[in-house]
Amino acid sequence: MHVDFYEKIWMWAAIGIIVIFLASIGFTTFGMAVRPPSHVEMIDPETVRSDPEFSQPGVTIHEDGSATVVIQAMIFAFLPNEIHVPRGRPVTFRLTSPDVIHGFQIVGTNGNTMVVPGYVSQFTTEFSRAGEYLIVCNEYCGLGHHAMSAKLVVEEMGGSR
Ligand code: CUA
């Protein structure tokens with residue numbers, strides 16, 4: 001089959017663009033850990049405030065130095081409002097909402113998830129840089145949406161590493 005020279009250039013250009021797109025998805029997923037949360041766990045929104053886990057939101061530091069953070073996202077606040085986590089250790093966030101859909105974005109990091117009533121959103125990440133980070137709600141949730149924020153403090157917490 002004869003394929004014109006210019007036609008060949010365009011065919012290879014199209015293939016090249018597809019390869020670049022797939023490679024960039026692979027790079028951001030595996031190289032930069034930018035991926036959607038894949039955890040599915042259900043909870044009745046009516047029971048969030050009496051749930052043994054979510055009625056006691058806060059940070060638990062484990063023996064290996066990793067941490068679990070349990071958070072309620074509600075109109076129009078995050079509970080707790082200030083979160084201290086270790087630097088350079090896996091930090092698992094577990095969130096749910098007793099009311100409407102909220103967002104949870106740790107500005108300047110890959111920590112970002114929707115918080116949907118009826119579900120527990122969970123993701124694990126690590127913070128390599130100590131300091132203060134702003135947490136914002138990035139899903140419009142009502143009149144106080146713009147004021148819904150919290151503070152994350154990443155700090156050295158000793159440990160065996
Ligand atoms: Cu919560 Cu916007």
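How many residues does helix α1 have, and how far does it reach from its first C-alpha to its last? Helix α1 covers residues 5-31, so to speak its whole run is 27 residues, and it reaches 37 Å, close to the 39 Å expected at 1.5 Å a residue. That expected span is 1.5 Å times one less than the number of residues. When I say helix, I mean a DSSP run of H or I with at least four residues, and a strand is a run of E with at least two, numbered from the N terminus.

Before I go on, some housekeeping. This is a predicted model, where local features need pLDDT of at least 70 and side-chain atom pairs count only at pLDDT 80 or more, while totals for chains, interfaces and linings use all residues. Residues are numbered from 1 along each chain as its sequence is written, and side-chain values use heavy atoms, with hydrogens and water left out.

Okay, back to α1. At its start, a side-chain oxygen of Asp4 comes to within 3.2 Å of the backbone nitrogen of Tyr6. After the helix you get Ala33, with a positive phi near 55°.

Now the strands. There's an open sheet of five, in the order β4-β10-β9-β6-β7, and the pairing is mixed. Its edge strands are β4 and β7 (112-115), each pairing on one side only. On average, neighbouring strands here are turned by 20° against each other, direction ignored; the axes behind that are lines fitted to C-alpha atoms, for helices over the stretch in contact, with angles from 0 to 180 degrees between N-to-C directions. Two strands pair if DSSP finds at least two bridges between them.

Let's look inside that sheet. β9 (residues 131-136) runs antiparallel to β10 (residues 149-155), joined by six bridges. Gly131 sits opposite Val154, and Leu134 sits opposite Lys151. β9 also pairs with β6 (residues 102-106), again antiparallel, over two bridges, and there Ile106 faces Ile135.

Next up, β5. Which strands does it pair with? Ile71 has Leu95 as its bridge partner in β5, while Arg94 stands opposite Gln122 in β8. Six of the seven residues of β5 are buried, so the strand is largely enclosed by the rest of the structure. Thr92 counts as buried because its relative accessibility is 15%. Its side chain makes a polar contact with the side chain of Thr124, at 2.8 Å (N or O atoms within 3.5 Å; within protein, one able to donate a hydrogen and the other to accept it, and residues adjacent in sequence count only if both atoms are side-chain atoms).

Last, the largest nonpolar core: of its 23 residues, Phe78, Phe93, Phe104, Ile106 and Leu152 touch the most other members. Such a core is a set of buried Ala, Val, Leu, Ile, Met, Phe, Trp, Tyr and Cys residues joined through side-chain atoms within 4.5 Å. The largest share, four residues, comes from β2.

Notes:
Buried means under 20% relative accessible area, exposed over 50%, partly exposed in between (1.4 Å probe, protein chains only).
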